[in-house]
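User: I would like to learn how to read the features of a protein model. Please give the general idea each time, and then the case at hand.

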Amino acid sequence: MDSHLRTLAEAARGFMPPDEGLALNEAGEAAASRVPGAPFLEIGSYCGKSAIYLGAAAQAHDVVLFAVDHHRGSEENQPGWEWHEPDLVDPEVGRMDTLPRFRRALHDAGLEPNVIATVADAPTLGRFWTTPLALLFIDGGHGAEPAHRDYEQWSTFVAPNGILAIHDVFPDPADGGRPPFEIYERALDSGNFVEIGATGSLRVLERLDNGVAHTPEPRRF
Ligand code: SAH
Ligand code: MG
């Protein structure tokens, strides 16, 4: 990864340790080579940290990252929750707003041409989405409902040979919440994905090329 972008990504606000960010960048590089010309999409951008890691790979391959976030924070980012950062609340609106930081971070990284800020509720956007993806990164709401919904709705868009990356996968419940781990297991159990990388809580899966569009099995929880 370009060392300047790497420095900016590490300095950006957010929730991604450097080694996981680098692995995410490498997943982007691999995805762009496997599925040339297809875009990347991330669910959960926050202040732009992961978007810099993925955007750097998109830029290197002349493709784009759709960075999807409503920028109002997940349940776990709201006041009173563990991952709340009070200065990210818009005092006039009384709600979180991470879009200004996101925009500034991507501007400073020179990645605006390759990272398309998509201010949207992921399930709403998903109702109208049709484009196959070289890479899908799931890092949105980590509750059971949002995580399983993101998996069900979006994993079908990963192109054959493309990559599904999931963040905050903790096999040991003592380390963190279950839903990201559950959707990782669902992806493997579906028979459509195999694991090709694990760094910290990041899991990188590859979509098998069976030539047939496949809908994941119904949820099990
Ligand atoms: N990838 C980021 C961290 C994401 S935090 C990083 O590298 O730091 C999770 C993000 O998911 C929050 O910004 C929240 O607003 C977003 N999110 C949660 N539910 C969402 C939904 N339904 N649609 C769009 N974004 C959502
Ligand atoms: Mg995360």
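User: Among contacts in the protein chain between residues at least 6 apart in sequence, what percentage joins residues at least 24 apart?

Analyst: A contact means heavy atoms within 4.5 Å. In this predicted model, 73% of the contacts between residues at least 6 apart in sequence join residues at least 24 apart. Local features need pLDDT of at least 70, side-chain atom pairs count only at pLDDT 80 or more, and totals for chains, interfaces and linings use all residues. Residues are numbered from 1 along each chain as its sequence is written, chains are lettered from A and ligands numbered from 1 in the order in which they are written, and side-chain values use heavy atoms, with hydrogens and water left out.

User: Why does the radius of gyration of the protein chain agree with a compact globule?

Analyst: The radius of gyration is taken over C-alpha atoms, and the globule rule is 2.2 Å times the number of residues to the power 0.38. For 221 residues a compact globule would have a value near 17 Å, and the protein chain has 16 Å, so the two agree.

User: Which residues are the protein donors of the magnesium ion (ligand 2)?

Analyst: Donors are N, O and S atoms within 2.8 Å of the metal (3.2 Å for Na, K and Ca); water is not among the atoms, so sites may look incomplete. Here the donors are Asp-139 (OD), His-167 (ND1) and Asp-168 (OD), at 2.1 to 2.2 Å from the ion. Their spacing in sequence is D-x27-H-D. Asp-139 lies in the loop between β6 (133-138) and α6 (144-154), and Asp-168 in the loop between β7 (158-166) and α7 (179-189), 29 residues apart. Helices (H or I, at least four residues) and strands (E, at least two) are DSSP runs, numbered from the N terminus. Both Asp-139 and Asp-168 are buried.

User: Is His-61 buried or partly exposed?

Analyst: His-61 is partly exposed, because its relative accessible area is 29%. It sits in the loop between α3 (49-60) and β2 (65-69). Beyond its neighbours within four places in sequence, His-61 is in contact with Glu-29, Ala-32 and Ser-33.

User: Against which elements do the buried residues of α7 pack?

Analyst: They pack against β6, α6, β7, β8 (193-199) and β9 (202-207). The buried residues of α7 include Phe-181, Ile-183 and Tyr-184. Just after α7, Gly-191 takes a positive phi of about 80°.

Key:
Buried means under 20% relative accessible area, exposed over 50%, partly exposed in between (1.4 Å probe, protein chains only).
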